[in-house]
Amino acid sequence: MDEVATAIADPVRRRILTLLRAEPLPAGDIARRFTISRPAISRHLRVLRESGLVRDELVGRQRIYRLDPGPLAPLVDWLAGLVATDRWERHLDALETEVYRTRRERRSRGPAEHRREQTA
């Protein structure tokens with residue numbers, strides 16, 4: 001997960017991943033979309049390849065790169081654990097506890113006392 005997080009920390013590599021999300025691309029086509037040098041793009045592609053986020057295939061004289069989102073799954077799971085859904089679950093659990101407590105109190109008081117509360 002650390003290797004993937006390091007790989008996506010760079011904005012150029014994130015942009016490359018976004019490009020590859022749409023379609024597999026040759027290295028030359030990727031390089032043409034940036035103002036940095038081809039050797040710099042090659043280094044970025046190597047980092048992405050070593051992290052497992054892209055796969056490459058030699059087709060003729062071109063190296064075609066394609067996105068492999070699989071290694072993102074552990075990072076996505078970890079990030080999902082940090083979002084607010086956990087907080088909502090705690091609030092809903094507290095609400096459920098309060099509903100059960102209120103029902104239990106009403107049952108223990110009996111029906112006559114409950115009717116008096118409603119008319120008051």
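**Figure 1. Overall fold of the predicted protein chain.** Read along the sequence, the order is α-α-β-α-α-β-β-α-α-α, with 7 helices and 3 strands. Helices (H or I, at least four residues) and strands (E, at least two) are DSSP runs numbered from the N terminus. The chain has 120 residues, 23% of them buried (under 20% relative accessible area, 1.4 Å probe, protein chains only). In this predicted model, local features need pLDDT of at least 70 and side-chain atom pairs count only at pLDDT 80 or more, while totals for chains, interfaces and linings use all residues. Residues are numbered from 1 along each chain as its sequence is written, and side-chain values use heavy atoms, with hydrogens and water left out.

**Figure 2. The largest nonpolar core, with 18 residues.** Such a core is a set of buried Ala, Val, Leu, Ile, Met, Phe, Trp, Tyr and Cys residues joined through side-chain atoms within 4.5 Å. Ile-16, Leu-20, Ile-30, Phe-34, Ile-41 and Leu-48 touch the most other members. At least two residues come from each of α1 (2-8), α2 (11-22), α3 (27-32) and α4 (38-51). The largest share, 5 residues, is supplied by α2.

**Figure 3. Surroundings of Ile-41.** Leaving aside residues up to four places away in sequence, Ile-41 touches Val-12, Ile-16, Ile-30, Ala-31, Phe-34 and Ile-36 (contact: heavy atoms within 4.5 Å).

**Figure 4. Asp-68 in the loop between β3 (62-67) and α5 (73-80).** Asp-68 is buried, at 19% relative accessible area. A polar atom of the Asp-68 side chain lies 3.2 Å from the backbone nitrogen of Gly-70. Not counting residues up to four places away in sequence, Asp-68 touches Gly-52, Leu-53, Val-54 and Arg-55.

Terms used. Buried < 20%, exposed > 50% of the residue type's maximum accessible area, 1.4 Å probe, protein only. Polar contact = N/O pair within 3.5 Å; in protein donor to acceptor, adjacent residues only side chain to side chain.
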